[in-house]
Amino acid sequence: MPRLDKGTLALTFKFDCDRFLRFRLASDAEKDSLGIEADTYKRPGIELIKAAGRRWEADKYQDLIDVSPPDAVEYVEKEEVDELVGRKPFGKVENLFEILRRETPPFAIIEAEFEVPSNITPGLQEAYDTYGLDTVRARPDIIWIRPGGTGHPLIGDPDPVPEFELHVIDVKMAAEPSLRHFTEVTYYALSLAAALAEQGLSDRYAVSAEGFIWPGSHDANAFRNLVREYEARGDSDPVTSALQDTLVPVPYEVYQVHVKQFFEERLLRVLEQRPEEASWHVGPKCQLCDYVRYCKQEAENCDHLSRLPWLNQGQAELLRQNGIATTQSLREAIRGSTTEWQAAEASSHQLRADRPALLVRAEALHTNEPVVIEGRRCSFMPAWSDQNIFITVHFDPGSGITFAMGAARVYFPPGRSQGDPPQTEEYVFVVDRVDAMNPDTERARLVEFVTLVSRWLEEVSDTNSRLPSADRVSSHIFFWDMLEVRQLRRMFERHMNHPEVVDLIELLIRLFPPDQVLPDPDLFKSQPGTIVKDVVRLLLGLPIPHDYSLFDTANTLFPDRNENGDLYRFQLPFGFSTPMSDQIPFERAYELWQDKIFLRHFDPRFPDQPSRWRPYTRDELYEGIKHATRVHLRALQHIVRRLREHYRDRLTLRKAPFSAAPPTQTRIPERARSLIAFEKLNVACQELENRQRRSLPVDEREAHFFS
Ligand code: SF4
């Protein structure tokens with residue numbers, strides 16, 4: 001009997017994949033016949049991440065219990081301590097409706113479970129009747145019970161307003177909740193409203209059309225402190241006031257569409273199909289899916305269109321509808337401009353615009369060679385810069401805390417003789433202790449990192465200030481992925497006002513301003529850094545399926561040979577890389593932070609018996625993270641070097657000599673200065689955009705409707 005549990009629903013929204021849902025609903029016989037094995041066990045330490053999420057939830061429940069009057073919160077605590085979670089976990093409250101029938105209901109109920117009424121949508125009843133779906137049960141983290149009349153919109157808009165309002169709260173460790181979290185809350189609200197009606201309780205209770213997310217925070221005591229603050233100010237209801245400040249509202253109307261679509265369309269469609277028929281498309285979103293190895297293998301076996309990086313599922317579907325179902329047939333169709341391709345192109349402007357890139361990416365997959373996209377140029381990477389700084393950043397997406405940073409520089413100082421090797425330096429910073437999401441150690445490493453990179457930049461700037469303008473040197477910073485720049489900015493934002501950081505960080509903030517800081521127009525215009533993956537995407541097709549990862553790119557872009565003539569490969573030991581991701585797996589950080597190490601050294605003598613492999617020590621793990629960070633830096637340097645050697649004439653950014661001097665302050669009011677900066681930024685943006693458009697070949701410009 002197929003079972004739709006809480007995790008399946010939430011993860012289907014995350015992966016947005018029919019196959020994922022169908023595989024999760026598959027019977028044991030179906031799983032056996034397909035050989036679908038969940039890959040979770042192959043990521044040692046992943047349990048720590050789940051446990052950290054459960055611990056975060058439990059801590060927030062405990063906060064609420066402790067700040068509320070005795071017996072105001074209804075909950076069940078389990079008898080046994082969960083060693084991984086580090087406390088007794090909370091269990092489910094099974095008598096929700098009995099509690100709601102009391103004369104005075106509690107302030108909140110934690111983990112109350114109830115059956116989802118089949119009438120929340122006709123689709124669910126059909127899933128029960130036709131496909132024998134097991135009864136679906138919902139368990140919101142917290143149901144917050146408030147006296148009616150708060151002014152929040154209520155589901156069903158009842159008149160008169162009932163005595164109580166129920167607000168669904170979902171506790172998440174993520175600092176930035178996503179669609180998946182919002183949809184989950186909406187689903188609970190919808191289900192709870194229907195369940196109240198079914199139980200004859202809707203005269204007394206209504207469900208708020210605004211659910212809430214209780215997001216993660218780097219201050220584990222933030223909520224308790226807030227309650228104390230309100231108490232000190234004499235607030236009449238400090239807990240409610242603190243909750244209102246902490247929670248992120250989820251507008252029901254926006255997300256109910258997704259919930260309805262799930263039950264009325266996706267669930268029924270998927271239940272009707274055999275597991276192998278459900279639609280799928282491997283891409284970067286799959287990186288934490290249990291089935292990623294299975295799907296990648298199948299994609300290779302059938303030459304699935306998802307092997308073409310940046311071709312989305314909708315485009316692939318359109319190609320299939322026009323009789324083009326493999327990357328090989330796409331290659332032939334574009335080359336021969338067949339009627340199938342012409343029909344596909346005519347129905348999608350985007351496919352037409354992407355034609356040159358699609359052809360080259362398909363060619364590369366089949367010739368096993370890098371292929372250049374004819375006519376394209378790249379205006380955001382220089383063919384030469386005297387100082388080259390390479391940066392890599394690895395972080396935990398749950399807490400948003402960085403656990404490893406690497407910086408390397410390759411510098412050709414002015415006045416050097418022909419053939420002199422560059423000055424090179426390389427440093428790695430590991431955040432080795434994090435308690436309860438406290439980012440203090442991250443800040444300490446950030447200070448070291450910022451001091452180092454600023455020193456490199458200021459050294460070049462100082463040198464330039466003493467040289468005639470013709471001899472001055474340039475500087476450029478390279479990242480592999482935009483994700484790393486975003487994380488760096490997030491760290492800047494988190495720590496920039498701290499007394500240990502504020503003075504140090506001024507230059508880097510101007511180079512990579514967080515959202516709340518207005519960029520320095522002159523530095524912005526000089527394009528201080530390049531996302532190298534974007535350059536590869538723009539210029540090349542590579543023999544790499546699904547996504548151009550850092551290591552695969554480095555290993556296919558004219559790799560070095562060792563003294564035996566064998567190709568050198570960038571690779572990491574088992575446990576330090578993961579499919580479809582360029583990040584060091586964040587479970588390594590949790591192992592280090594919590595001193596609970598699951599990782600073992602792969603032993604080729606017992607490849608299928610991980611229990612016989614030797615466990616890592618803490619020192620080995622620490623060194624392993626350092627080593628992995630270094631290999632990332634070196635792979636990035638290799639790619640930049642090869643791009644410059646082989647595609648020099650296509651890299652058109654010209655760098656001016658670097659200056660770290662702050663912008664000249666004119667004697668005009670602050671507001672006017674900001675307006676001028678905005679205006680300059682606007683002009684700079686347009687210039688950069690024009691430059692990139694002009695570097696496209698004429699037919700591509702036409703296809704994109706650029707004049
Ligand atoms: S790996 Fe990707 S395509 Fe395969 S089931 Fe998971 S989400 Fe779907």
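**Cavities, a pocket and a helix**

Mentor: Let us begin with the largest cavity, which has a volume of about 110 Å³. Please keep in mind that this is a predicted model.

Trainee: Which residues are the closest to the centre of the largest cavity?

Mentor: They are C17, K285, C286, C289 and C295, out of 13 residues that line the largest cavity. Helix 2 (18-25) and helix 11 each give two or more residues to that lining. By class, the lining has 10 nonpolar, 1 polar and 2 charged residues.

Trainee: How do you know which residues surround the ligand?

Mentor: A residue is counted if one of its heavy atoms lies within 4 Å of the molecule. The residues around the ligand are F15, C17, R19, F20, W280, H281, C286, C289, Y291, V292 and C295. This shell has 9 nonpolar, 1 polar and 1 charged residues, and helix 2 and helix 11 each supply at least two of its residues.

Trainee: What lines the second largest cavity?

Mentor: The second largest cavity, with a volume of about 50 Å³, is lined by I391, T392, H394, W480, E484, L550, D582, H632 and L636. The lining has 4 nonpolar, 3 polar and 2 charged residues.

Trainee: Why is a pocket not called a cavity?

Mentor: A pocket is an open set of points, whereas from a cavity the probe cannot get out, so the two terms exclude each other. The second largest pocket holds about 840 Å³ of space. Of the 36 residues that line it, the closest to its centre are K296, D552, T578, P579 and M580. Helix 11 (292-302), helix 22 (550-556) and helix 23 (587-594) each give two or more residues to this lining. By class, the lining of the second largest pocket has 13 nonpolar, 11 polar and 12 charged residues.

Trainee: Why is helix 7 described as largely enclosed by the rest of the structure?

Mentor: Buried means under 20% relative accessible area. Because 16 of the 20 residues of helix 7 are buried, the helix is largely enclosed by the rest of the structure.

Trainee: How does the span of helix 7 compare with the one expected at 1.5 Å a residue?

Mentor: Helix 7 (residues 179-198) reaches 29 Å from its first C-alpha to its last, close to the expected 28 Å. Helix 7 is followed by G200, whose phi is positive, near 70 degrees.

Trainee: Why does M381 count as buried?

Mentor: M381 has 0% relative accessibility. The cut-off is under 20%, and therefore M381 counts as buried. This residue is found in strand 13 (residues 378-382).

Trainee: How far apart are M381 and V535 in sequence and in space?

Mentor: M381 and V535 are 154 residues apart in sequence, while their C-alpha atoms are 7.3 Å apart in space.

Notes:
Residues are numbered from 1 along each chain as its sequence is written. This is a predicted model: local features need pLDDT of at least 70, side-chain atom pairs count only at pLDDT 80 or more; totals for chains, interfaces and linings use all residues. Side-chain values use heavy atoms; hydrogens and water are left out. On a 1 Å grid over the protein atoms alone, a cavity is a set of points where a 1.4 Å probe fits but cannot get out, and a pocket is an open set with protein on both sides within 12 Å along at least five of seven lines; lining residues have an atom within 4 Å of a point. Grid points are joined across faces, edges and corners, and a volume is the space filled by probe spheres set on the points. Helices (H or I, at least four residues) and strands (E, at least two) are DSSP runs, numbered from the N terminus. Ala, Val, Leu, Ile, Met, Phe, Trp, Tyr, Cys and Pro count as nonpolar, Asp, Glu, Lys and Arg as charged, and the others, Gly among them, as polar. The expected span of a helix is 1.5 Å times one less than its number of residues. Buried means under 20% relative accessible area, exposed over 50%, partly exposed in between (1.4 Å probe, protein chains only).
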